[in-house]
Amino acid sequence: MIDADPRPVVLVVEDEVGYQEALHVGLTVEGFAVVGAETIGAARELLPRTRPSLVLLDVMLPDGSGIDYCREIHETTRTPVIMVSARSSEVDVVLGLEIGAADYVTKPYRLRELVARMRAVLRRPQVGPGDERVVLGDLVIDLVRRTVTRGGVPVELSRKEFDLLALFSSHLGQVVTREQCLDALWWGLDLADSRTLDTHVKRLRAKLEVDPPRPRHLITVRGVGFRLDP
Ligand code: CA
């Protein structure tokens, strides 16, 4: 009765046996169906067969680089990937390459934090080939390459600013509540001060709008949230 299993499948691509075992136990307890691969070769076979909701991908694998494999996954599927690296310096490399990973964690990580990030990623709408670009007037948002241009000129956004913009883009013309924003981007953790969200929206407006105090695209819906208008 595998087809009736409602649990989200996570493919763990990890060559360290200790991590592989701990994740198998920990993620099963958290309600995931865990499929393990210790090499990219094994993952290539398992990905189409198990159709995971999420891939947890180590950067350094015995038969290749997780960075290259992440690119490969995104050529054919919209499965989100969380990259796992042993050093924070690797995270900088991974971020700089814009490989389209949904998130990143550095070893050693706490299971609770990892699970919170996994759930946040699973709540986000997924993008893939065909729906990767959102065009709003002279603004072009590329959700796969994680780039934004205004009138053809690249706009520099921080990781959180981009994630927030991607969230709004996926609900174009619809209200996204403050709770949805906090859930998706700050993993639903209590932000004692949700002004952090307002700060990010303000920065986005400054970078994207022609006249930031009178925004045409990124609209505040008072008391509820925000709306991205075409
Ligand atoms: Ca490794």
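A residue is called buried when its relative accessible area is under 20%, exposed when over 50%, and partly exposed in between (1.4 Å probe, protein chains only). The model discussed here is predicted: local features need pLDDT of at least 70, side-chain atom pairs count only at pLDDT 80 or more, and totals for chains, interfaces and linings use all residues. Residues are numbered from 1 along each chain as its sequence is written, and side-chain values use heavy atoms, with hydrogens and water left out.

The calcium ion is coordinated by D15 (OD), D58 (OD) and M60 (O), at 2.1 to 2.4 Å. Donors are N, O and S atoms within 2.8 Å of a metal (3.2 Å for Na, K and Ca); water is not among the atoms, so sites may look incomplete. The spacing of these donor residues in sequence is D-x42-D-x1-M.

| Residue | Relative accessible area | Class |
|---|---|---|
| D58 | 5% | buried |
| M60 | 55% | exposed |
| D163 | 11% | buried |

D163 is placed in helix α6; helices (H or I, at least four residues) are DSSP runs, numbered from the N terminus. Leaving aside neighbours within four places in sequence, D163 is in contact (heavy atoms within 4.5 Å) with R124, R146 and L185. Although D163 and A184 are 21 residues apart along the chain, their C-alpha atoms are separated by 8.7 Å.

A nonpolar core is a set of buried Ala, Val, Leu, Ile, Met, Phe, Trp, Tyr and Cys residues joined through side-chain atoms within 4.5 Å. The largest one holds 27 residues, of which V148 and F168 touch the most other members. Helix α6 gives the most to this core, with six residues.

Definitions and conventions:
Helices (H or I, at least four residues) and strands (E, at least two) are DSSP runs, numbered from the N terminus.
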